[in-house]
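Welcome! Take a moment to look over the sequence and the model below, and then we can walk through some of its features together.

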Amino acid sequence: MTAAVGERHPWTLGIALNTAATYHAMGRYQDTCAMSRETARRATETLGEGHPLTLAARLAFAADLGEAEGGQDEARTVRQTAIGTLEAQLGSKHPQVLAAWQRTRPVWDFEPLPV
């Protein structure tokens, strides 16, 4: 995908988010943190602070940091900021917001998200 459309295309970012989720499920938290950090950075620069994919990437990064040794404080800060933005956009009862509070690691499904 990177070769076809570039590393900043939303589909490439979504694939990176989902690949990091696979690493997370395998317990490869250090690898996952590096990939998640980079995905969140690229999503922010490309799509903006409040884009749903950017927020999903940040929440995923927080989940990965929370599992990595020594990352809990940074994870808390990243998670709270992302959830605050998500709540402001979608409301506190939206399923994505509730999942974020439950620390469910997001994945991207490539379908338009219902708002």
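## How H3 and H4 pack

In this predicted model, helix H3, residues 29–47, and helix H4, residues 52–67, have axes that come within 8 Å and cross at roughly 160°. An angle over 145 degrees counts as roughly antiparallel, and H3 and H4 are therefore roughly antiparallel to each other. Their crossing is left-handed.

Which residues make up this meeting of helices? From H3 come Tyr 29, Thr 32, Cys 33, Ser 36, Arg 37, Thr 39, Ala 40, Ala 43, Thr 44 and Leu 47, and from H4 come Leu 53, Thr 54, Ala 57, Arg 58, Ala 60, Phe 61, Asp 64, Leu 65 and Glu 67. Sorted by class, the contact of H3 with H4 has ten nonpolar residues, along with five polar and four charged ones.

## Two residues of H2

Next, let us visit helix H2, which covers residues 10–25 and contains His 24. Is His 24 buried or exposed? Its relative accessible area is 16%, and under 20% counts as buried, so His 24 is buried. Setting aside neighbours within four places in sequence, His 24 is in contact with Tyr 29, Thr 32, Ala 63, Asp 64, Glu 67 and Arg 105.

With a relative accessible area of 45%, Thr 22 is partly exposed.

## The chain as a whole

How many helices and strands does the protein chain have? Its secondary structure comes to six helices and zero strands, and reading along the sequence gives the pattern α-α-α-α-α-α. The radius of gyration is 13 Å, close to the 13 Å that the globule rule gives for 115 residues, so the chain is as compact as a globular protein of that length.

Along the principal axes, the C-alpha atoms fill a box of roughly 40 × 35 × 20 Å. Of the 115 residues, 37% count as buried, and His 24 is one of the buried residues. Finally, consider contacts between residues at least 6 apart in sequence: 57% of these join residues at least 24 apart.

Methods. Residues are numbered from 1 along each chain as its sequence is written. This is a predicted model: local features need pLDDT of at least 70, side-chain atom pairs count only at pLDDT 80 or more; totals for chains, interfaces and linings use all residues. Side-chain values use heavy atoms; hydrogens and water are left out. Axes are lines fitted to C-alpha atoms, for helices over the stretch in contact, and angles run from 0 to 180 degrees between N-to-C directions. Helices (H or I, at least four residues) and strands (E, at least two) are DSSP runs, numbered from the N terminus. Angles under 35 degrees count as roughly parallel, over 145 as roughly antiparallel, 65 to 115 as roughly perpendicular and the rest as oblique. A crossing is left-handed if the near helix is turned anticlockwise from the far one by less than a right angle, and right-handed if clockwise. Contact means heavy atoms within 4.5 Å. Ala, Val, Leu, Ile, Met, Phe, Trp, Tyr, Cys and Pro count as nonpolar, Asp, Glu, Lys and Arg as charged, and the others, Gly among them, as polar. Buried means under 20% relative accessible area, exposed over 50%, partly exposed in between (1.4 Å probe, protein chains only). The radius of gyration is taken over C-alpha atoms; the globule rule is 2.2 Å times the number of residues to the power 0.38.
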